[in-house]
Every structure is written in C-alpha cells, then in structure tokens.
Amino acid sequence: MLLVKTYLDRSAIHGIGLFAAERIPAGAVIWRRSPEIDVLLDPAQLERLHPASREQIRKYTYMDRMLGKLVLCGDDARFFNHSDAPNCHDFPDADGGTTVAARDIDAGEELTSDYASFDASHEPHEVRPRSR
C-alpha cells in the first residue's frame, strides 16, 4: 500500500510511471505490502486462468523473493518503473516487504526501484527512453 501522495503520468523510462506528489525525505516509507490491498497468488493459481487473463495479471505482478508468491499490487504501486540507479530501495521480508526513499525525492520526480532486489523472476533488459 502506498504511504505517500503520488500520481500517474507519462514516464521517460517506460509507458506510465509513478510520481511523487510531495517531497519525500530520505528514509521515508513509501510502500508496504498490505494484505487488505495487495493480493498474493500462488503460481499454480495463475496457470489456471484463461490465457488472456494470465497475460494481464503477469503484466502487473512480481514473484516475491521471500514469499515465493506472486504479488498483485492493488494500488498504483504497480507503476513503479525499474532503474539500475533507483531513488527507492526495496527490503523484502516475511511480511511482503517495504520500499523506502533512498534519498530525498522532490515533488514531480518519478519513483523508481531496482526490480532485481525484490522480484525473483526479474530479467534485466535494455530500456530505451521514449523520444518526445
């Protein structure tokens, strides 16, 4: 569950991104998995879905390194984009993890994470910035 004010906008990194709607100080908790909002799925559940549904769910889930389950964020946290030099750090744990600001983040700045730190199935790929 997002714990800071954010908004969605076009991202220079990829498609839609999540942006800070307020200044976020270094160390502030930005997101924490909430069982009331974020859905945990066993990989076998995903395989039982219709192929079109499976593809849609895969787009917005990640394989949690600690829990061994897919996490479907129920809020806009699913729009965090990947960066090799992120402004947010992710700390997986037995409760589903926490994301904190790695440094001061200005209002209007896109929030980014290193997917490899929490997504067991993350495969690095080259992302080319979109031209305007």
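Predicted model: local features only at pLDDT ≥ 70, side-chain atom pairs only at ≥ 80, totals over all residues.

Student: What makes R23 and D104 a salt bridge?

Tutor: Their closest N and O atoms are 2.8 Å apart, and the cut-off is 4 Å, so the pair qualifies. R23 sits in the loop between β2 and β3, and D104 in the loop between β9 and β10, so the bridge ties together parts 81 residues apart in sequence.

Student: Why is R23 called partly exposed?

Tutor: Its relative accessible area is 48%. Buried means under 20% and exposed means over 50%, so R23 falls in between. D104, at 38%, is partly exposed too.

Student: How do you know that K69 and D42 form a salt bridge?

Tutor: The closest N and O atoms of K69 and D42 are 3.8 Å apart, which is within the 4 Å limit. K69 is in the loop between β5 and β6 and D42 in the loop between β4 and α1, so this pair joins parts 27 residues apart in sequence.

Student: What about R58 and E47, and where do they lie?

Tutor: Their side chains meet in a salt bridge, at 2.6 Å from N to O. R58 is in helix α2 and E47 in helix α1, 11 residues apart. The search of the whole structure finds 4 salt bridges.

Conventions: Residues numbered from 1 in each chain as written. Heavy atoms only, no water. Helix = DSSP H or I, 4+ residues; strand = E, 2+ residues; numbered from the N terminus. Buried < 20%, exposed > 50% of the residue type's maximum accessible area, 1.4 Å probe, protein only.
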